[in-house]
Amino acid sequence: MKIREFTEEGNQQFHLLYKRIKESVLNYNKDIEKGYTPNLKKKMKELVADPNLSIDIGGTVELKIPSSDSQFLFGKYIDEVLKEHNELKIFNNEKLWNWLSAYFFDIIFHKKAKGISEHRYLLSDSWFTKYRHLVRTPWYMHKIYNESSKLFLHGATYFGGNYMEQWISHRINEKFTKAADIAFDLYYDKKNDEPKSGYSHKFISKKVTGSKKKVKTLVPGSLGRLIDKLNQYNEIYNIWEMDRKEIIQLLPKEFDELKEH
Amino acid sequence: MAQTTIEIFEEKRITYKGKDPDLNISCVKEDETGIVVEVKINLRRHNFGDNCDVFFQTYDNRGAGNKPNKMGKIKELNQEEKNVFQYPISNIKKEDAKFRVIVSEPGNFKDSKVIRLIGKAEIPGFDDENDKSKQKINSLLPTKELDIGTPFMVDMSPNRLPYLVLKRGCNIKYKLDSNSDPVQKSLIYTSAIRAIIEAYLTDHRYEDCIYKKQWFDLISKKTGESVDEFPSNYVSIDDGKTVIESNCKNWIESVTETMVSNLPDSNGKKLIDKHKEANFRNNEITYSEEEG
């Protein structure tokens, strides 16, 4: 099937169907496997294929469901199949992203998913929640950061990871793509092909010894600290013209164990 | 005397307004794809070295900066009295554009090679005094949180900006300022703007209020109606009794509709349509759930 976008009516139908699916899953105590019934699956397939509820956007690529559940590979695939389209026309195109969401629904609304928030499947127009969309965000991350997006898209297609969550809302990272290359160098364990653990959160709650109290504690060398440093460097250096290794060298002691020697 | 600050470099401020500014930035084209910016620059009066590089950078109103455009080296720029550049900036609206001009030179910090900024100007937007249409409702109605009994109220006083006061601890200010809840936004602003206009048309203490004038100019811009044609009284005295003028009441409703319900976002979507969609989507599923 070629890439399509919902009509107004199709988009409304998708919202309604999603609501029914969500209600059904809730009735089964959030068990997606039971709640997303064969009948609802059939309705989703019919909605995707109904020529009266969506229109062809004029591409040449035949879509297929990826065999792997890797979010990174999924983002790479969506980036490839959308390359022939004008980015300005697809960037915030809710009807396109929602149709893609419906097409790939079985791999993003998976029985192992931990949340069923609508923002993951229905594109939100608020920039606070837009990035939670499980088709658009992998596309966006791969389009902007290429191979370095592996750090943020590590995990399965139905999963919103911590590194991504901590990263995407910071404006400096939007166009200063070198920032992602730096983050990838620091936080991605190339040997084990996975993000290093313990650095995605800027703060953690730590127990106070001898008390039940917890205190918010800064994590040295964390992704949030890197973003702080990049914002600071942007005020005193022309980081856009500097090599990423030069920027990494500037980072303070707290990053030493993350730097490659 | 103890020295509490270190002067790293002597820098004359790069100016972008006032008499003979170093920079002049204007928008020469705007369409649905973006804008074209013209920059005139002359940095001769500064003492930057010949090999310093000069860059022009655009930001959007959320702070995301584009890759800076290189304008050239100081020695090249200083050969001309006025250097003129044009830059097409895609996917940005005129009123959302901010700019930065930076002058940098290579150097060292400890063992690291760096490119240090030695001059900089932050320009908050186009200096277009004739274009008041970009003035937003929010700038004439700032929000603040206080311990009040109701969820919101309008706090007004002559010759002072009206405040939209929001009940502390209810998260309403966050929802409004972040523009993340079209339902609360449309309900609260409909009521607030109605109240402001009613007060301006009723209370004689606002006759010469400078903010009343600013509000009415903004309404005129939005509705296309001349201020002279606005109704002058919301209430009148009829046979010794106070009467609400129905024409004025209808006018207030239509202004509120234009200013709030029909308020378009950056994609041209009206607030009332977003309100409808939000209500439609969130009909009955109201529970918190864990994101994974």
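Strands E6(B) and E7 (residues 112–123) of chain B pair in the antiparallel sense over 11 bridges; strands pair if DSSP finds at least two bridges between them. Helices (H or I, at least four residues) and strands (E, at least two) are DSSP runs, numbered from the N terminus. The model is predicted: local features need pLDDT of at least 70, side-chain atom pairs count only at pLDDT 80 or more, and totals for chains, interfaces and linings use all residues. Residues are numbered from 1 along each chain as its sequence is written, while chains are lettered from A and ligands numbered from 1 in the order in which they are written.

E6(B) and E7(B) form a hairpin with 2 residues between them. In the turn, B:Lys110 has a positive phi of about 50 degrees. Within this pair of strands, B:Pro106 stands opposite B:Ile115 in E7(B), and B:Val101 has B:Ala121 in E7(B) as its bridge partner. B:Val101 of E6(B) is also the bridge partner of B:Phe56. E6(B) (residues 98–109) pairs with strand E3 (residues 53–59) of chain B over 7 bridges, again in the antiparallel sense.

These strands belong to an open sheet of 4 strands in chain B, with the order E4-E3-E6-E7 and antiparallel pairing. Strand E4 (69–73) and E7 of chain B stand at the edges with a single partner strand each, so one side of each has no neighbour in the sheet. Neighbouring strands of this sheet are turned by 30 degrees against each other on average, direction ignored; axes are lines fitted to C-alpha atoms, for helices over the stretch in contact, and angles run from 0 to 180 degrees between N-to-C directions.

Chain B also has an open sheet of 3 strands in the order E1-E2-E5, with antiparallel pairing. Its edges are strand E1 (23–31) and strand E5 (83–90), each with a single partner strand, so one side of each is left without a neighbour in the sheet. From one strand to the next, the twist averages 20 degrees. Strand E2 (residues 34–41) of chain B pairs with E5(B) in the antiparallel sense over 8 bridges. B:Ile35 stands opposite B:Ile89 in E5(B).

Chain A contains 13 helices and 6 strands. Of its 261 residues, 36% are buried; a residue is buried if 20 or more other C-beta atoms lie within 10 Å of its own, exposed if 12 or fewer, and partly exposed in between, with C-beta atoms placed from the backbone. Among contacts in chain A with a separation of 6 or more, 65% join residues 24 or more positions apart. Two residues are in contact if their C-beta atoms, placed from the backbone, lie within 7 Å.

Helix H12 (residues 223–236) of chain A has 14 residues and reaches 20 Å from its first C-alpha to its last, close to the 20 Å expected at 1.5 Å a residue. The expected span is 1.5 Å times one less than the number of residues. The buried residues of H12(A) are A:Leu223, A:Leu226, A:Ile227 and A:Leu230. Seen down the helix axis, these residues fall within an arc of 100 degrees, so they line one face of H12(A); the arc is that of the directions from the helix axis to the C-beta atoms. They pack against helix H9 (162–168), helix H10 (172–175) and helix H11 (178–187) of chain A. The face of H12(A) turned away from the buried side carries the exposed residues A:Gln232 and A:Glu235.
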